[in-house]
Amino acid sequence: MCTHNHKKNYSRRDFLTKTSLGMGALSMASMLDPMDLFSNNKQNLVNSLGSGGVLGNPHFPAKVKRVIYLFQSGAPSQLDLFDYKPLLNKMQGQDLPKSVQGEQRLTGMSSGQATLPIAGTIFDFKQHGDSGAWMSNLMPHTAKIVDELCFIKSMYTEAINHDPAVTFFQTGSQLPGRPSIGSWVSYGLGTDNKNLPEFVVLVTKDKFGQPLYSKAWGNGFLPSQHQGVQFRSGKDPVLYLTNPPGIDGKSRREQLNHLQKLEQLNHNDVGDPEILARMAQYEMAFRMQTSVPEIMDTKDESDATYEMYGEDSRKPGTYAANCILARRLAERDVKFIQVYHQGWDQHGNLPNAIKIQCKETDQATAALITDLKQRGMLEDTLVVWGGEFGRTNYSQGKLTPDNFGRDHHPKCFTIFMAGAGIKKGFTLGATDDFGYNVAQRPVHVHDFQATLMHLLGVDHERLTFKFQGRRYRLTDVHGDVVKEILA
Amino acid sequence: MIALEFSTFLGRFHPLFVHLPIGFLILAILLEWLESFRKAETKSKLIPIAWLLGAISAAAAAFSGWWLGETGLYEEDMLFSHRWLGIALVLFAFIGWWLKKNPKSHSKFLQNGFNIAILLMLSIEGHKGGNLTHGETYLTEYAPESIQEILGVSADKDTLTILGTPDSVLVFKDLIQPIFKSKCIACHNNKVKRGGLNMAHTDSIQLGGDGGLAIAPGNLEESELFRRITLPQKNIKFMPPTNNALTYDEIKTIEWWISKGASYEDAASKFAVDENIKPVLLRRFGLDMNPKPWYETVTIAPADSTKIANLIKLGFSVNTLGATNPLLDIKYTGKDLTEEKIKALEEVKNHITWLSLARTNVESDWLSSISGFTNLTRLQLENTSISDNGVSYLSGLSHLESLNLYGTNVTDSSLVDIQKMNGLKRVYLWGTKVKSETAKNISENKEGLEIILGEG
């Protein structure tokens, strides 16, 4: 018997779990079904040779193998893009009826206003495609592919400010510290490409406005190799990845081999799982020294591709360029690709600012979906487009015929998806005539997350991690799969 | 129905009386044992009194219980044994009173044996009564899981039964009859036929009752049963009259069954399904009426793990589809594929449902192995040098749904073979020599086939 366990860095709780309870569980299991204890589960053998996620296999066949999540940070105005409400134009300038507003809390930015003047959209709405989806003229390219899209017009959230709302969408909790969706996916399902991280983040450069912190792609309490890896534009796509001047690959390899041995000794000694995480990250970084330059080198993309994604796509760091990168990552089986584009937070000067945002994103979004389709990748890839909440139907600040602003509005907003496992040319849910409340089939953020996990083959209630005495999951204790949109 | 109402009134006193004999008789027996334990000289006079009280209250409980049983709300088999064991208990209690009045004239063995018999009868009878009122799972429902496992009772508290596929679920037997059993049959069976209606058998249901047809196939208005269950609840004719109204889902299911012809034999797949009933069937019975992909309908034993390990050694990435689905998702990456490696896949040919050889050096002739992969539903061959010749090997794959050939050397003549694939829904031909006019012609001729040629 090894008797040196006392040296290890087990917490009291870990120790008790691993010794007394562990033995108890062992004996209990053998008592209930003695064969279980010794049975060699063949499925497990397959798993251990497979992707390396904690689940081994998905709970059920995964319709979606990878997700590209185009996060429109700052909250795009659903009323000027997708949710057509002619009543607002009729009531232009009138005070929002109290009966519509109900008990909804407002942000400090508009709660002090003497009136909440209703602001109809100034953009032209039309129905598009065979599905007849309403869209404004702000997104002409996306309007052409509505028959590929599945809109949810009845999304709602609880957060009324950007950071908690983004954190809520990405981690299932408004408070920081939980793992993000991509980290859960990486933890649960593992990798399909050992040379790239399971979870990659691309942020449009030089866009500012609302806060966007790296905690949105953090691993929370999950082992740290599951955090999102940000790829940047420019010389160093992944920071600190290249060898320092004068160090070649061979000596880096040797150095890592020795480091591995030291870390292994250290781990044998103290048993801290974070040491394993660190070792996995060193190895991943080494493999990425060859795989990342290959991804970032877009010379092999044709001119037709750049034309399709728009002229911006030739400039590294733009949303369009990131969309091409996202496709390249998806082609190489990266499981979760999170693209962020900031700047949708139009409290004032909405008509002009939203035009710029749409010009930056519309063509590339549509091109990405079209491109994935022609490559056959929508068979098992899901694209999600959406922000963290919606915008109000009344003007924040002064309402003039050609200018207004909209405040944050969590009670209803629109997102859309395209790709594997969901219906095409379909719209779920509706808002009331004021575009203020959900009138039909509310879909909560947790429901959205549960659905995303379902499509990836994961029962969101069964992917958990025990931390601080209880089992956590992405959807906490909530979330129902939105079965209506499943194909 | 005044007499029935009055007898029910009496019957409802059963739960009130029923606990008295349990208390009296147990008290009497405990007192007796306590005295014998203390070796008391004189026997207490209270003991026979407690026996008498126990016997009288047991008689009252049996009397009221008889009438409660007559209401027809209890399951016949269980009621029978509860009823007659109860009556036996009354007799035993009186005999006990007679025994204990003169304790000296009977042997100790008889006295104690009798006590134990009464205790056993009391506990069995009490437990049976409890099961009748509260159901058999009442005691164990909230027991810790470990105890439930030891007792061998399942803990399916909130889980609804997940039925099979629309082919295997019989609408009447699996969906409708359980509703009738739980809500109607207590008063409409072989023995009690309230309103002349017996719902215990399919033929007797079709006979209807005093009010005419209970179920008029395809005609909701004429179906007395449907009218009764959807009346306002305060209406005297509302069914069932026992505060146990049918739920929304149950009513909707019955409505669907009647309106679609009220077949007593057909499986769910034979019924016309409208959008309204789909969510009800999914929510209430876990019955998904949407057509399932082929790979979810195949039942097959898991592939041999040594065969899979061998494939992994050859460089394939192999995953099972899900924890309960043993079909395989196989992929090869790299340019060092050989014909032998492809041949090795034949070892698990019935298990492969998704296969990707995209961007490999796969050659057309190697695909002859794949022609026997009967359960293949998705095949990726994009960006390879596959030509029309390669596609010809695939024409017999009847379950193939999606075929990716973009960036290959296929031409218009491959479309002949593509047309032969019965189940094919999507074929990707972007960046090939296939002409858009030919593709258009074909997708117009073949329903359900989408040919994706891409932009430019």
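Modeller: A crossing is called left-handed if the near helix is turned anticlockwise from the far one by less than a right angle. With that in mind, α3(B) passes α6(B) in a left-handed crossing, and this, like everything said here, belongs to a predicted model.

Biologist: What makes α3(B) roughly antiparallel to α6(B)?

Modeller: The axes of α3(B) and α6(B), the latter covering residues 108–134 of chain B, cross at roughly 150° and come within 11 Å. Angles over 145 degrees count as roughly antiparallel, and therefore α3(B) is described as roughly antiparallel to α6(B).

Biologist: Which residues make the contact between α3(B) and α6(B)?

Modeller: On α3(B) they are I22(B), L25(B), I29(B) and E32(B), while α6(B) contributes N115(B), I118(B), L119(B), L122(B) and G126(B). Sorted by class, this contact of α3(B) with α6(B) has 6 nonpolar, 2 polar and 1 charged residues.

Biologist: How do you know that chain B is more spread out than a compact globule?

Modeller: Chain B, whose secondary structure comes to 17 helices and 7 strands, has a radius of gyration of 36 Å, whereas the globule rule gives 23 Å for 456 residues, and so chain B is more spread out than a compact globule. The C-alpha trace of chain B spans about 110 × 60 × 30 Å along its principal axes, and the C-alpha atoms of K43(B) and T432(B), which are 389 residues apart along the chain, are separated by 107 Å.

Biologist: Why does K43(B) count as partly exposed?

Modeller: A residue is buried with 20 or more other C-beta atoms within 10 Å and exposed with 12 or fewer; K43(B) has 15 C-beta neighbours inside 10 Å, and therefore counts as partly exposed. The place of K43(B) is in the loop between α3 and α4 of chain B, and, leaving aside neighbours within four places in sequence, K43(B) is in contact with E35(B) and P103(B).

Biologist: Is D333(A) buried or exposed, and how do you know?

Modeller: D333(A) has 21 other C-beta atoms within 10 Å, and since 20 or more is the cut-off for a buried residue, D333(A) is buried. D333(A), in the loop between α13 and β7 of chain A, also has a positive phi of about 65° although it is not a glycine. Most residues other than glycine have a negative phi.

Biologist: Where does chain B touch chain A, and which element supplies the largest share of that side of chain B?

Modeller: There, 29 residues of chain B are in contact with 23 residues of chain A. On the chain B side, α13, β1, β4 and β5 each supply at least two residues, and β1(B) has the largest share, with 5 residues.

Technical notes. Residues are numbered from 1 along each chain as its sequence is written. Chains are lettered from A and ligands numbered from 1 in the order in which they are written. This is a predicted model: local features need pLDDT of at least 70, side-chain atom pairs count only at pLDDT 80 or more; totals for chains, interfaces and linings use all residues. Helices (H or I, at least four residues) and strands (E, at least two) are DSSP runs, numbered from the N terminus. Two residues are in contact if their C-beta atoms, placed from the backbone, lie within 7 Å. The radius of gyration is taken over C-alpha atoms; the globule rule is 2.2 Å times the number of residues to the power 0.38. Axes are lines fitted to C-alpha atoms, for helices over the stretch in contact, and angles run from 0 to 180 degrees between N-to-C directions. Angles under 35 degrees count as roughly parallel, over 145 as roughly antiparallel, 65 to 115 as roughly perpendicular and the rest as oblique. Ala, Val, Leu, Ile, Met, Phe, Trp, Tyr, Cys and Pro count as nonpolar, Asp, Glu, Lys and Arg as charged, and the others, Gly among them, as polar.
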